[in-house]
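Trainee: Could we go through this protein together? I would like to ask things as they come to mind.

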Amino acid sequence: MNDIRLAVMMMLVVPGTLAAQSSVVTIRAGRLLDGQGIATQNATVVVERGAITRVDRGAKKGAVTYDLGRYTVLPGLIDGHAHPSWYFNRSGRYHTPSDGDTPVQSMLAMAGNAFATLASGVTTVQSPGSPEDKDLRDFIASGSIPGPRILTSLQPISSPRLTPDTLRAIVRQRKAEGADFIKIFASQSIRDGGTQTLTQEQLDAICGEAKAQGLRTLVHAHSAESMKAATLAGCTQIEHGVFATDEVLRLMAERGTYFDPQCGLVFRNYLENRAKYEGIGNYNEAGFAAMEKAIPLAVAAFKRARATPGLKIVWGTDAVAGAHGRNVEDLICRVQDGGQTPMEAIVSATSRGAQALGMANLIGSIAPGLQADLIAVDGDPSTDITALRRVVFVMKGGRVYRWDGERP
Ligand SMILES: [Zn+2]
């Protein structure tokens, strides 16, 4: 596509994109949540060349580029676990490599997922992971197509048959291929029982080598045994943990291991879209029964995690086909079913999410020097978390991708 056609398309899809590129952009916020737990009534955020240069607290008169005085402004959300490559194909079924879709069709579907995610207020996602993520990540990063910042593991590591030496070589290979982190499956899927699949020795090899290479490690682990092994191996973050025990959560808190439990969106989404998944792989009768049973277990595991002193809980939805753009439902679940305060939920999805990515100096808070990843919602999500469903404004890196109000 030539540049002019792309520019025209971007104007149609994302009004305001071009207008927002003038050198100084000012944003009036009726209420500002800084991502670190502080709320301020009335503030003005100044953005230059994609970064926040000033935050003025208090009411101010005068012209601004974007008057969001009726709304709450907060940092763009960070989803620590989403799968932009998962989509429903043109027959309305979960896409698999053998369904006849061309690579171009798959990539367009992924671009659609990325746009839906960004428009819903999620400005960064971590994808654990798929080889196709690399082009999506790079095209979004270059500003060619709209989407959240993407960090990807590329192909995950899962085979229990590999030797420690081979596993270490794969870690180095992923780094050479451009992976941002390493994704590991240390337990079965919840649909297959969730028991441990990799040994302590194998996990030691992967997480040890990744650390030596300067890469973080995300470990899929459901059983307490697999979570314990990943923690002892020094892995960075544990995903899911439906069968977490108090003992293993305490160990994680002691070792500083991040925990990314899901509250329910992922399971509910599978059940709501059952006909689109049923009959593919482990999406069978037993698999769906296991996911139905997992809903209360996941909420219980989340509550147990919250009750563990010092445990660093981050937000990751495990968004798959059907859930892209509905990511905030899992944050709403954490408050409504998991008993978290709305402000804690927001902090976990902003500054703590950035910390877990090693990007706290770039994103996740509203402060001078950070990238201008800002969203606005109708209502106050620090008292009513469902306000996150009403996104009216999305800015990423100083560029406006959504503004439902008046053009500047
Ligand atoms: Zn996942």
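Trainee: Okay, what share of the contacts with a separation of 6 or more comes from residues 24 or more positions apart?
Mentor: Keep in mind that we are looking at a predicted model. In the protein, residues 24 or more positions apart account for 70% of the contacts with a separation of 6 or more.

Trainee: And how many helices and strands are there?
Mentor: The protein has 13 helices and 14 strands, and buried residues make up 51% of its 408 residues.

Trainee: Which domains does the assignment give?
Mentor: The domain assignment gives domain 1, made of 3–75 + 364–403, and domain 2, which covers 77–356. Their C-alpha centres lie 28 Å apart.

Trainee: How many residues are in contact between the two?
Mentor: On the side of domain 1 there are 24 residues, and these are in contact with 20 residues of domain 2. The elements that give two or more residues to that side of domain 1 are β4 (66–75), β13 (391–396) and β14 (399–403), and the largest share, 3 residues, comes from β13.

Trainee: What kinds of residues does domain 1 put there, nonpolar, polar or charged?
Mentor: The residues of the side of domain 1 that touches domain 2 divide into 12 nonpolar, 8 polar and 4 charged.

Trainee: Switching to sheets now. What is the strand order in the open sheet of 7 strands?
Mentor: The order is β3-β2-β1-β4-β12-β13-β14, and the pairing is mixed. The edge strands are β3 and β14, each of which pairs on one side only, while the twist from one strand to the next averages 35°.

Trainee: Is β1 enclosed or open, and why?
Mentor: Strand β1, residues 24–33, is largely enclosed by the rest of the structure, because 7 of its 10 residues are buried.

Trainee: How does β1 pair with β2, and how with β4?
Mentor: With β2, strand β1 pairs in the antiparallel sense over 9 bridges, whereas with β4 it pairs in the parallel sense over 5 bridges.

Trainee: Which residue has a positive phi in the hairpin of β1 and β2?
Mentor: That is Gly35, with a positive phi near 90°, in a hairpin that has 5 residues between the strands.

Trainee: And what joins β4 to β12?
Mentor: Strand β4 and strand β12 (residues 374–377) run antiparallel and are joined by 4 bridges; Thr72 stands opposite Val377 in β12.

Trainee: What about the sheet of 3 strands, is the pairing parallel or antiparallel?
Mentor: That open sheet has the order β5-β6-β7, and the pairing is parallel. Strands β5 (77–79) and β7 (149–152) stand at the edges with a single partner strand each, so one side of each is left without a neighbour in the sheet. The twist there averages 15° from one strand to the next.

Trainee: Over how many bridges do β6 and β7 pair?
Mentor: Strand β6, residues 122–127, pairs with β7 over 4 bridges in the parallel sense, and the bridge partner of Ser127 in β7 is Thr152. Helix α3 (residues 133–141) lies across β6 and β7, running at about 150° to β7.

Trainee: Where is the cis peptide bond?
Mentor: A cis peptide bond joins Pro128 and Gly129, with omega about -15°, and Gly129 is placed in the loop between β6 and α3.

Trainee: Last topic: is Arg49 buried or exposed, and what about Leu154?
Mentor: Arg49 is exposed, with 12 other C-beta atoms within 10 Å, whereas Leu154 is buried, with 23 other C-beta atoms within 10 Å. Arg49 is found in the loop between β2 (39–48) and β3 (51–57), and its phi is near 45°, a positive value in a residue other than glycine. Leu154 is in the loop between β7 and α4 (164–177), and although it is not a glycine, it has a positive phi of about 55°.

Notes: Residues numbered from 1 in each chain as written. Predicted model: local features only at pLDDT ≥ 70, side-chain atom pairs only at ≥ 80, totals over all residues. Pairing = 2+ DSSP bridges. Axes fitted to C-alpha atoms, helices over the stretch in contact; angles between N-to-C directions. Contact = placed C-beta atoms within 7 Å. Domains from an automatic or database assignment. Nonpolar A, V, L, I, M, F, W, Y, C, P; charged D, E, K, R; others polar. Buried ≥ 20, exposed ≤ 12 C-beta atoms within 10 Å, placed from the backbone.
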